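Hi everyone, thanks for making time.

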Amino acid sequence: MLEGIEGVSSFAGEIDYVFWIVNLICLFLFVVTIGAMFIFIYKYNEKKSKPEDTKNIKHNTALEIVWTVIPTILMMVIFYIGLDALRIQRTMPKDADAIVVKVIGKKWSWSFEYENGKKSSKLLVPINKDVKLLMTAPIGDVLHAFYVAAFRIKEDIIPGQITKLWFNATKKGKFDIQCAEYCGTRHAYMRSHVIVVSQEEFDEFLNPKVEVKKNAKLLFNDLGCIGCHTLDGMPSAGPTFKEMYNKDVTITMNGQTKTIKRDEAYLLSAIEEPNLHIVQGYTANMMPSFKGAINKDDMITIMNYFKGIETKISNKPKIDGKELVDVNGCIGCHTIDGTPSAGPTFKDIMGRKTKIIKDGKNIEIVIDKKYLIEAIKNPSSELVDGYSNIMPPFKDVLKDEEVDAIVEYLKK
Ligand code: HEC
Ligand code: HEC
Ligand SMILES: [Cu+2]
């Protein structure tokens, strides 16, 4: 079935009911009036009946009551069921019981922001959960309308005002979002998707489990090694961790004393089976076994530390240039496949020759990193020849590292 025909929100049934009742009433009235017209065309055809043969009827009370009362009742029915469906659609769920998403519609893209600050260019929502949309457009933008046919929802988006919608999706899948208010050149491309997923998938999307790579020092702290070992060469309850790797050590193993090299296998067994060999001068049964307590990644980090290789901490999620380009609506005006749009294409942009207008002068330049940064932060300072000055400046919207990430992405 065509996407959008089947209603997949909790109140789609009520909306469809109104739709069908109104249409059936219209169909009935259409048949009655057009049918009567054809009957009269036939019956009172001038060839068959002369006007003077026809009775001159001035009044028929019964008929007039019928054609007044029946349409009035039908009108009241339409009003009642319409109002009822509207009431359901306009009664917003409480913020506490719903997922509240900010929707920004602007020339010519959609972006969605969740309560925890997560931004996305697609509206991902869990199934069977109330979702409340607070929608707006930036001041200076134009009117748009948020329309999801499959959910039977549509509402205007007005710069500087907040309009609201809610829905509760009853089926998993991908459903079209379309701007339903003509808003300029790229209006037809102002599209996105609602993606309805399970609660688990939604949670993972909202709070992705970023793998935080800890550095060795943090691990030593967390695992409690620091209680018995030092990093700076000082002895403690156990030997220091300073410069151990590949150095000789004297140990007692199976009652025998011998000197061996601290290679990786030795270090590993010293951590996992500490009582297998005891370092001379220290007591056995002191160090607990960490077998199974340290995962593979962390063990690599620890070994790297012993070997003198520093593992960098990266607990900041990586800034993804592609995601930023999506979320900030760049694709509303630029393409990545070489086709022209409201702005120049991003394809092969780095190193490309282009004519720009700078300080009123027409010059040709080769696009480099510095130019790209300026073109994103202050587009009107260097206008590409042949295009209009419609790109919003991103200098206060994007952080410097975000602009860098976009430039990195554009290079590809
Ligand atoms: C309760 C104290 C204690 C804790 C906690 C402890 N150790 Fe030990 N560790 C010792 C003692 C005592 C020795 C020396 C005796 C031996 O060889 O078992 C030792 C020996 C070692 C050795 C061999 C040292 C050498 O000079 O050859 C390594 C490697 C080691 N520990 C790593 C660790 C790591 C990694 C941790 C944390 C995951 C840790 N230890 C936690 C007490 C501890
Ligand atoms: C409303 C439409 C619109 C949006 C949104 C938009 N741009 Fe533009 N962009 C343009 C137009 C039009 C031009 C050409 C005129 C100019 O230089 O400002 C342009 C020019 C550029 C240029 C210079 C291209 C060249 O060939 O020299 C870059 C780079 C650029 N945009 C990047 C971006 C990025 C990155 C975003 C998103 C963060 C973005 N744009 C969002 C319309 C837009
Ligand atoms: Cu629009």
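Before the metals, one definition: a donor here is an N, O or S atom within 2.8 Å of the metal, and because water is not among the atoms, a site may look incomplete. Please also keep in mind that this is a predicted model.

Let's begin with the iron atom of ligand 1. Which residues coordinate it? They are His229, through NE2, and Met287, through SD, at 2.0 to 2.1 Å. The iron site has six donor atoms with angles of 86 to 178° among them, and that geometry is octahedral. His229 sits in the loop between helix H4 and strand S11, while Met287 sits in the loop between strand S13 and helix H6, so this pair ties together parts that are 58 residues apart in sequence.

Now to the copper ion, ligand 3. Its protein donors are ND1 of His144, SG of Cys179, SG of Cys183 and SD of Met190, at 2.0 to 2.5 Å. Along the chain, these donors follow the spacing H-x34-C-x3-C-x6-M. Why do we call the copper arrangement tetrahedral? Because the four donor atoms subtend angles of 91 to 123°.

Last stop, a pair of helices. H5 covers residues 264–272 and H6 covers 296–307; their axes come within 11 Å and cross at roughly 125°. The two helices are therefore oblique to each other, and the crossing is right-handed. On the H5 side, the contact uses Glu264, Leu267, Leu268, Ile271 and Glu272, and these meet Met299, Ile302, Met303, Phe306 and Lys307 of H6. By class, that contact has seven nonpolar residues, three charged and no polar ones.

Technical notes. Residues numbered from 1 in each chain as written. Chains lettered and ligands numbered in written order. Predicted model: local features only at pLDDT ≥ 70, side-chain atom pairs only at ≥ 80, totals over all residues. Heavy atoms only, no water. Axes fitted to C-alpha atoms, helices over the stretch in contact; angles between N-to-C directions. Helix = DSSP H or I, 4+ residues; strand = E, 2+ residues; numbered from the N terminus. Parallel < 35°, antiparallel > 145°, perpendicular 65-115°, else oblique. Left-handed = near helix turned anticlockwise from the far one by under 90°. Contact = heavy atoms within 4.5 Å. Nonpolar A, V, L, I, M, F, W, Y, C, P; charged D, E, K, R; others polar. Donors = N, O, S within 2.8 Å, 3.2 Å for Na, K, Ca; no water. Tetrahedral: all angles 85-135°; square planar, octahedral: opposite > 155°, others 65-115°.
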